[in-house]
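Subject: Handing over a structure

Dear colleague,

I am passing on the structure below, and after it you will find notes on what turned up when I went through it. Please read the notes with the coordinates open beside you.

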Amino acid sequence: MKIYTQRVDQVSADNQTDVVALSFDVRQKSRFRATLENGVDIGADLPRTGILRSGSYIATDDGELLRVEAKPEQLMRVQAVHSFDLLKAAYHLGNRHVPLMLTPEALYFEPDHVLAEMLFGLGLSVDQVMHPFEPESGAYAQHQHDHRLSPIQAIHAHV
């Protein structure tokens, strides 16, 4: 069994790699076993440096690459006739610290009938769907692609 031990930041465009589709729950773990699309079993023992996002790459000690994709999973989809109602739903779910995926047309969260009933009571449409889950990382999470200084970093850089 191949063991993937490294997160890879950049990969050249011409690399052909195998793909593993993982649920959000698994992509949060640093150690897991999985099966590739071609049926091969693999293991991962990665540094604990955050969530594997869809499109991330991991590698073995020998440099063999593997692309990670978000696996479709059972989710609740919230839709509204008016965009402001969708904004209100995001507010209420955020107050409950629910991992939430935002799109222009819908919100997605892991199944929870109590939350679904609350949103339905607010006049929103809520249904269960199979969809890849890529929730927001949060305002204070490290963003890998943004090289700008935060306001606090900028203050400290000028002191």
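Strand E1 (residues 2-8) and strand E5 (residues 57-60) are paired antiparallel through four bridges, and within this pairing Val8 stands opposite Tyr57 in E5. Strands here are DSSP runs of E with at least two residues, helices are runs of H or I with at least four, both numbered from the N terminus, and two strands count as paired if DSSP finds at least two bridges between them.

Before going further, please note that this is a predicted model, in which local features need pLDDT of at least 70 and side-chain atom pairs count only at pLDDT 80 or more, whereas totals for chains, interfaces and linings use all residues. Residues are numbered from 1 along each chain as its sequence is written, and side-chain values use heavy atoms, with hydrogens and water left out.

The six-stranded sheet

E1 and E5 belong to an open sheet of six strands, ordered E2-E6-E5-E1-E4-E3, in which the pairing is mixed. E2 and E3 stand at the edges with a single partner strand each, so one side of each is left without a neighbour in the sheet. From one strand to the next the twist averages 35 degrees, where axes are lines fitted to C-alpha atoms (for helices over the stretch in contact) and angles run from 0 to 180 degrees between N-to-C directions.

E5 is also joined to strand E6 (residues 65-70) by three bridges, with the two strands running antiparallel, and Ala59 stands opposite Leu65 in E6. The hairpin of E5 and E6 has four residues between the strands, and Gly63 takes a positive phi near 90 degrees there.

E3 and E4, by contrast, run antiparallel and are joined by five bridges, and here Ala44 is the bridge partner of Phe32. The hairpin that E3 and E4 form has five residues between the strands, and Gly39 in its turn has a positive phi of about 95 degrees.

The four-stranded sheet

Four strands form an open sheet in the order E8-E9-E7-E10, with antiparallel pairing. Strand E8 (101-102) and E10 stand at its edges, each with a single partner strand, so that one side of each is left without a neighbour in the sheet. H2 packs on this sheet and touches E7, E8 and E9, its direction making about 25 degrees with that of E9; contact means heavy atoms within 4.5 Å. E7 and E10 run antiparallel and are joined by eight bridges, and Met76 stands opposite Gln128 in E10.

Helix H3

The buried residues of helix H3 (residues 113-121) are Leu115, Ala116 and Leu119, where buried means under 20% relative accessible area, exposed over 50% and partly exposed in between (1.4 Å probe, protein chains only). They cover an arc of only 100 degrees around the axis, which puts them on the same side of H3, the arc being that of the directions from the helix axis to the C-beta atoms. The face turned away from that buried side carries the exposed residues His113, Val114, Glu117, Phe120 and Gly121. What covers the buried residues of H3 includes strand E7 (72-79), helix H2 (83-95), strand E9 (107-109) and E10. At the N-terminal end, Asp112 caps H3 with a side-chain oxygen 2.9 Å from the backbone nitrogen of Val114. H3 is followed by Gly123, whose phi is positive, near 90 degrees.

A search of the whole structure finds one aromatic pair. The ring centres of Phe24 and Phe133 are 5.3 Å apart and their planes stand at 80 degrees, so the pair is edge-to-face; rings of Phe, Tyr and Trp (its six-membered ring) pair if their centres lie within 6.5 Å, with planes under 30 degrees apart counted as stacked, over 60 as edge-to-face and the rest as tilted. Both Phe24 and Phe133 are buried.

Ser23 is found in the loop between strand E2 (18-22) and H1, and is buried with a relative accessible area of 18%. Ser30, which lies in the loop between H1 and strand E3 (31-35), counts as buried at 11% relative accessibility.

Notes
A polar contact is a pair of N or O atoms within 3.5 Å; within protein, one must be able to donate a hydrogen and the other to accept it, and residues adjacent in sequence count only if both atoms are side-chain atoms.
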